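Have a look at the structure first, then follow the questions.

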Amino acid sequence: MPVDPLPVLQSTFGFPGFRGVQADVVHRVLAGENTLAVMPTGAGKSLCYQLPSVALEGTCVVVSPLIALMHDQLRAASAIGIRAATLTSVDIDQMETIKRFRRGELDLLYVAPERASGGAFRDLLSQAKLALFAIDEAHCVSEWGHDFRPDYRLLRPLLDHFPDVPRLALTATADEHTRADILDQLGIPREGMIVAGFDRPNIQYRISPKDNTTRQITDLIAETPGAGIVYVQSRAGTEKMAEALAKTGRPTRAYHAGLDPHVRARNQADFVASEDMVICATVAFGMGIDKPDVRFVAHAGLPKSIEAYYQETGRAGRDGDPAVAHMFWGAEDFAKARQRIGEVEPARQAGERTRLTALGALVETPGCRRRILLKHFGDDAPENCGNCDNCLNPPAAIDATEVARKFLSAVFRTGQSFGIGYIEQVLTGVSSERSLMNGHEALGVFGIAPSAEEQALIKPVARALLLRDALRANDFGGLEFGPGARAILKENETVSLIVPPKRERRTRGRGSSAGTAANPTGDPLFEALRARRRTLAAEASVPPYVIFH
Ligand code: ADP
Ligand code: MG
Ligand code: ZN
């Protein structure tokens, strides 16, 4: 006869009731069944094993990937009277913990995966009664997941050694492929998967091309009150960003794994306590941090995957009040990501590529962002959510399929070895010594884009094709076909460009006009062009068009 969880929920945790799917998950666990709980960040996954750890006889072993995360959890659990301990390399009282475990005095025992997979740990676990195995951040077990940890793969023999102890895997972020893999890897039956709704209706999603991220984020925090997280890709970048944003008068801190541990802990504590601080951090920041009133999260660059984006943006607005998630991305982020994919082991490349394509669809869409996110996680979603940039302010679109086809044809006919500028000359029919010498003026593609309208689209189309991997630049700047070319030439795939709606600009002129001196009209197009010229010196200047499917 399973235990009734409600009295424990109220007396130990002080909550009047379960939230969402918590009740289903807890009931399965108490009934001794194996379960995978897929619940968004902030949905209350910890309770799903903490409550059974109190209600059931024996210890719940929690596998968790980060020591910092474990210690946060330990503190929170101890604060409400749960008998918890961690077994990590930094714990000096390991003998004491082991004794307490043997005497059956622990509700929760947190352990890192590399420790859990060893034989010594298995022997230890045989010496007392176990209530449950909880595997937190379970997507780490899957190579399809965005955060694969090989040690998670070694957990299975341990779990199988204790066939009567139920397993509960928990994750916030798993696409269908990853979920299936987790079930497989951890020996959980298909019907044991419980998926909570993924929508976070109070988060407004906004995604735009970057021109100058420091300026874009400076503008953003000037109009966004409350505490916020700015995710920056490099450690040095977090410090630079924090310094730049501090000039707005807002309290700022940096956070990354390279900081002195004391400084890092203090910066985190300052942020948690503050109502208006902006913390500039690498993605190492945020796991397990309980700050419900984060009002915005901004990505200064492309996140690693949709899963990572969802998890990182999910740290905003946990209190249910309105919050905003911003992302600023560049075509060069995609180029870099593709390069990185080329360097990972071949077996993982296909998965990584699929992930990048999904991310491309999210940033390029002229439609609802939330719909793409929710569909990605297998949730139903309306066409229009009414609370993302595209729903609030639909972008204008131009069909550039014809120009894209002409561009690809010209690349092909000239032998896949010339750069954007030369292909443009060929298409517009500009005669040069080079085109004469190469005999390209006799080709059918010479001068096939005569109208000014088409000509204006040539460079944006070229960038769009690069972004979509229909074209690749070789080491000498020459363009070659990529895997995406075929569909556009042969399969009626369309290429549309979206013109981002003009951003509303605050009227300047009250002394805060940093960087606008050379741009008297404050025209965002002008600014974008100027930034492009600076950062992409190799390429000709291009209007801030982006592409969608
Ligand atoms: P997750 O691990 O899913 O991101 P946490 O376990 O950290 O989420 O919980 C997020 C917050 O929700 C915590 O502050 C927790 O105390 C709170 N919480 C969890 N369950 C409930 C509940 N049933 N009622 C109210 N608050 C809850
Ligand atoms: Mg958690
Ligand atoms: Zn929307």
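Q: At roughly what angle do the axes of helix H1 and H3 cross?
A: This is a predicted model, and in it the axes of H1 (residues 5–13) and H3 cross at roughly 100° and come within 10 Å.

Q: Why are H1 and H3 called roughly perpendicular?
A: Angles of 65 to 115 degrees count as roughly perpendicular. The crossing is at roughly 100°, so H1 and H3 get that label.

Q: Which residues of H1 and H3 meet?
A: On the H1 side you'll find Pro 5, Val 8, Leu 9, Thr 12 and Phe 13, and they meet Leu 47, Leu 51, Val 54 and Ala 55 of H3. Sorted by class, that contact has 8 nonpolar residues, 1 polar and no charged ones.

Q: What makes H19 and H20 roughly perpendicular?
A: Helix H19 (residues 401–413) packs against helix H20 (residues 420–428) at an angle of about 110°, with the axes 10 Å apart. The range for the label is 65 to 115 degrees, and therefore H19 and H20 count as roughly perpendicular to each other.

Q: Which residues make the contact between H19 and H20?
A: H19 brings Lys 406, Phe 407, Ala 410 and Val 411, while H20 brings Ile 423, Val 426 and Leu 427. By class, there are 6 nonpolar residues, no polar ones and 1 charged.

Q: Why does Gln 416 count as partly exposed?
A: Gln 416 sits in the loop between H19 and H20. Buried takes 20 or more neighbours and exposed takes 12 or fewer. Gln 416 has 15 C-beta neighbours inside 10 Å, so it counts as partly exposed.

Q: What about Val 499: how many other C-beta atoms lie within 10 Å?
A: Val 499, in strand E17, has 16 other C-beta atoms within 10 Å, so Val 499 is partly exposed. Val 499 and Pro 395 are 104 residues apart in sequence, yet their C-alpha atoms are 6.2 Å apart in space.

Q: Which residues come nearest to ligand 1?
A: Of the 13 residues around ligand 1, those are Phe 15, Arg 19, Gly 44, Lys 45 and Ser 46. Helix H3 (residues 45–55) gives the largest share of the shell, 3 residues. By class, the shell has 5 nonpolar, 5 polar and 3 charged residues.

Q: How do you know which stretch to read with care?
A: Check the pLDDT. The protein's mean is 87, and 90% of its residues reach 70 or more. Over residues 504–549, though, the pLDDT is below 50. Where pLDDT is low, the predicted coordinates should not be read in detail.

Q: What share of the protein's residues is buried?
A: Buried residues make up 44% of the 549. The protein has 24 helices and 18 strands.

Notes. Residues numbered from 1 in each chain as written. Chains lettered and ligands numbered in written order. Predicted model: local features only at pLDDT ≥ 70, side-chain atom pairs only at ≥ 80, totals over all residues. Near = placed C-beta within 6 Å. Helix = DSSP H or I, 4+ residues; strand = E, 2+ residues; numbered from the N terminus. Nonpolar A, V, L, I, M, F, W, Y, C, P; charged D, E, K, R; others polar. Axes fitted to C-alpha atoms, helices over the stretch in contact; angles between N-to-C directions. Parallel < 35°, antiparallel > 145°, perpendicular 65-115°, else oblique. Contact = placed C-beta atoms within 7 Å. pLDDT = per-residue confidence, 0-100.
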